[in-house]
Amino acid sequence: MALLQIAEPGMSAAPHQHRLAVGIDLGTTNSLVASVKSGSAVCLPDEQGRVTLPSVVRYCENTRIESGYDALKAQKIDPLNTISSAKRLIGRTLSDLKQDSHYLPYRFGGSEKIIELQTRQGIKTPIDVSAEILRTLKERAEENLGGELTGAVITVPAYFDDAQRQATKDAARLAGLNVLRLLNEPTAAAIAYGLDNASEGTFVVYDLGGGTLDVSVLQLTKGLFEVKATNGNSALGGDDFDHRLFCQLLEQNGLSQLNEQDSQLLISLVRAAKESLTTETSTTIRATLSDGHTINTTITRQAFHNLTQPLVAKTIEPVKQALKDAGISKTDVKGVIMVGGSTRMLHVQQAVATFFGQTPLNNLNPDQVVALGAAMQANILAGNKSDEEWLLLDVTPLSLGLETYGGLAEKVIPRNSTLPTARAQEFTTFKDGQTAMTIHVVQGERELVADCRSLAKFTLRGIPPMAAGAARILVTFQVDADGLLSVSAREQSTGVQAQIEVKPSYGLDDETITQMLKDSMSNASEDMAARARTEATVEAEGLISAVQAALALDRDLLNEDELNTIQTAITTLENLIQTGNADEIRQAVTDLGHTTDDFAAKRMDRNIKRALTGQKVEDI
Ligand code: AMP
């Protein structure tokens with residue numbers, strides 16, 4: 001008898017068949033693709049043997065699109081149609097970029113929702129640009145590996161919010177890639193170092209690239225990675241070291257203003273000098289400027305270190321903050337992983353080693369380590385290593401919650417919660433007969449919705465009309481392993497339900513997150529006072545409308561004096577809602593309650609009488 005194997009199309013692998021899967025480090029400046037070949041992860045080169053692909057895309061005269069080195073070369077001559085740094089724009093809106101956009105040479109357009117760039121091939125979004133880079137890497141991988149890819153793991157910064165993650169996934173889909181998972185960059189680096197096989201403990205990933213610093217605290221427990229906290233500085237990186245050296249070179253040579261061509265020349269020379277000082281103890285910059293001026297300046301490693309030591313010291317601040325956020329001390333850290341080209345600088349390595357009191361892990365290529373880790377995870381997710389199981393946990397960078405009556409933000413998932421996560425909370429209606437409820441999903445640490453970021457809004461309809469406070473609406477927040485949020489609301493008695501997958505209207509960068517956290521700390525006492533006042537106001541408004549509804553029905557139970565007393569108490573409360581503080585409003589609520597005690601008792605008597613009218617004692 002023959003056994004039939006039944007499987008979903010495309011889901012079954014023949015025995016020993018190796019599914020082609022890659023890891024992609026989609027970087028701001030450079031991108032890489034890697035794959036596990038013969039058991040070890042390697043970065044895949046282009047036909048010229050280069051593993052990095054500059055993250056630059058050019059929309060040419062004809063319908064041709066260039067990406068990588070060709071596009072980078074053309075950037076100077078065709079800046080409007082050559083897009084770089086799409087990662088800084090993806091999942092964000094023009095209003096997010098207000099201060100930044102004038103540094104970028106593009107023609108921005110489009111709605112408030114999404115950034116659009118006008119090119120000679122029409123409007124392009126950062127998603128289109130990223131998709132071009134991904135498409136190029138996909139083609140490179142398929143040529144290298146000799147077949148179609150099953151899927152890819154794409155890395156994103158740990159601080160990327162839902163919009164930025166969703167936009168990255170959209171770009172991959174446009175490029176024809178099946179996204180096995182988005183993976184946080186620091187987690188990928190930890191995997192590349194095989195830390196998942198290490199004994200349990202806390203690890204720090206220190207990632208200093210060309211333009212940014214990202215610090216992450218990872219906790220490894222029973223083979224599970226958890227990102228405990230992230231911090232960084234989006235405007236601190238190798239470029240700043242180049243800039244210091246450049247300024248000093250101008251000063252030493254008595255130069256003040258340079259034309260564009262000379263500046264570019266010197267910038268590239270100082271960068272090369274900086275890089276050579278990691279292996280040499282001194283180096284000489286030689287150049288002839290366009291006006292014939294010659295430069296011949298020797299720089300020692302020591303002088304370079306002295307010059308840039310303040311920058312190195314500045315990188316330690318976010319490290320301290322991340323440790324503080326994670327609630328651990330530096331002595332708890334079991335290992336430190338160095339990522340990013342700038343961690344090759346010896347004084348950077350020294351400073352990190354001194355701070356932690358241990359030598360950081362730096363034996364893998366710091367430019368490739370993220371792509372290598374992503375490839376190792378892709379290999380497992382594609383089913384090539386089914387007996388192993390890795391679960392990778394990340395955290396929410398900011399709290400997620402919703403708006404409650406009075407414009408207050410109620411946190412449902414606190415910041416730094418481990419992903420994936422789900423939490424449910426019950427809410428109720430505020431008005432009698434209310435049949436719909438708008439769920440406004442917000443992100444941030446502040447008490448008032450106005451100070452948080454609005455992510456999405458949807459309405460739950462079909463709530464059966466009931467008295468205020470009687471309906472029970474269960475709102476569930478779920479954040480998946482990729483950091484994408486879905487929110488559902490369900491009325492418990494009827495089961496009516498509505499939900500939304502949040503593709504938030506705009507994104508956040510690490511600086512904004514840091515600023516939002518700082519704001520929440522510096523405004524904590526004002527925020528608490530504002531919350532207390534709003535809560536008192538909501539209670540007061542509820543009471544006033546209940547008393548007014550009762551007066552409309554049973555005013556005849558009161559004599560003129562009693563009616564006046566109640567109306568005066570209502571007016572006092574209404575005035576305090578405008579001008580009073582939380583305590584004054586609460587006191588006036590209590591006063592109005594007392595003034596209406598007799599009225600409430602009389603109404604109860606009347607209602608009982610009404611109910612009993614026409615009934616016999618034995619019926620009751
Ligand atoms: P990444 O963004 O990770 O590719 O890092 C790019 C940065 O690393 C640039 O500022 C480079 O100048 C810097 N970098 C690369 N190699 C070296 C090196 N040997 N020494 C110092 N900085 C380096």
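Predicted model: local features only at pLDDT ≥ 70, side-chain atom pairs only at ≥ 80, totals over all residues.
Residues are numbered from 1 along each chain as its sequence is written, and side-chain values use heavy atoms, with hydrogens and water left out. The protein chain has 15 helices and 27 strands (DSSP runs numbered from the N terminus, helices being H or I with at least four residues and strands E with at least two).

**The chain as a whole**

- Of the 620 residues in the protein chain, 49% count as buried (under 20% relative accessible area, with exposed meaning over 50% and partly exposed in between, for a 1.4 Å probe and protein chains only).
- Among contacts (heavy atoms within 4.5 Å) between residues at least 6 apart in sequence, 65% join residues at least 24 apart.

- Helix 10 covers residues 369-381, and its 13 residues reach 18 Å from first C-alpha to last, close to the 18 Å expected at 1.5 Å a residue (the expected span is 1.5 Å times one less than the number of residues).
- Because 11 of its 13 residues are buried, helix 10 is largely enclosed by the rest of the structure.
- Among the buried residues of helix 10 are Val 369, Leu 372, Gly 373, Gln 377, Asn 379 and Ile 380.
- Helix 9 (residues 346-356) is also largely enclosed by the rest of the structure, since 8 of its 11 residues are buried.
- The buried set in helix 9 consists of His 347, Val 348, Gln 349, Ala 351, Val 352, Ala 353, Phe 355 and Phe 356.
- Their cover includes strand 13 (201-208), helix 6 (238-252), helix 8 (301-326) and strand 18 (333-339).

- As background, most residues other than glycine have a negative phi, and most peptide bonds are trans.
- Ser 38 has a positive phi near 45° and sits in the loop between strand 2 (30-37) and strand 3.
- With 81% relative accessibility, Ser 38 counts as exposed.
- Ser 85 is not a glycine either, yet its phi is positive at about 55°; its place is the loop between strand 7 and helix 2 (86-89).
- Ser 85 counts as buried, at 18% relative accessibility.

- Strand 5 pairs with strand 7 (residues 82-84) in the antiparallel sense over 3 bridges (two strands pair if DSSP finds at least two bridges between them).
- Ser 84 in strand 7 is the bridge partner of Val 56.
- Strands 5 and 6 run antiparallel and are joined by 3 bridges, with Ile 65 in strand 6 as the bridge partner of Tyr 59.
- A hairpin is formed by strand 5 and strand 6, with 5 residues between them.

**Strands 14 and 15**

- Strand 14 (residues 213-221) and strand 15 run antiparallel, joined by 9 bridges.
- Leu 213 stands opposite Asn 233 in strand 15.
- Strand 15 (residues 224-233) is mostly covered, with 7 of its 10 residues buried.

**Around Val 51**

- Val 51 lies in the loop between strand 3 (40-43) and strand 4 (53-54).
- Leaving aside residues up to four places away in sequence, Val 51 touches Ser 31, Leu 32, Cys 43, Leu 44, Pro 45, Arg 140 and Gln 368.
- The C-alpha atoms of Val 51 and Ala 34 are 8.9 Å apart, with 17 residues of separation along the chain.
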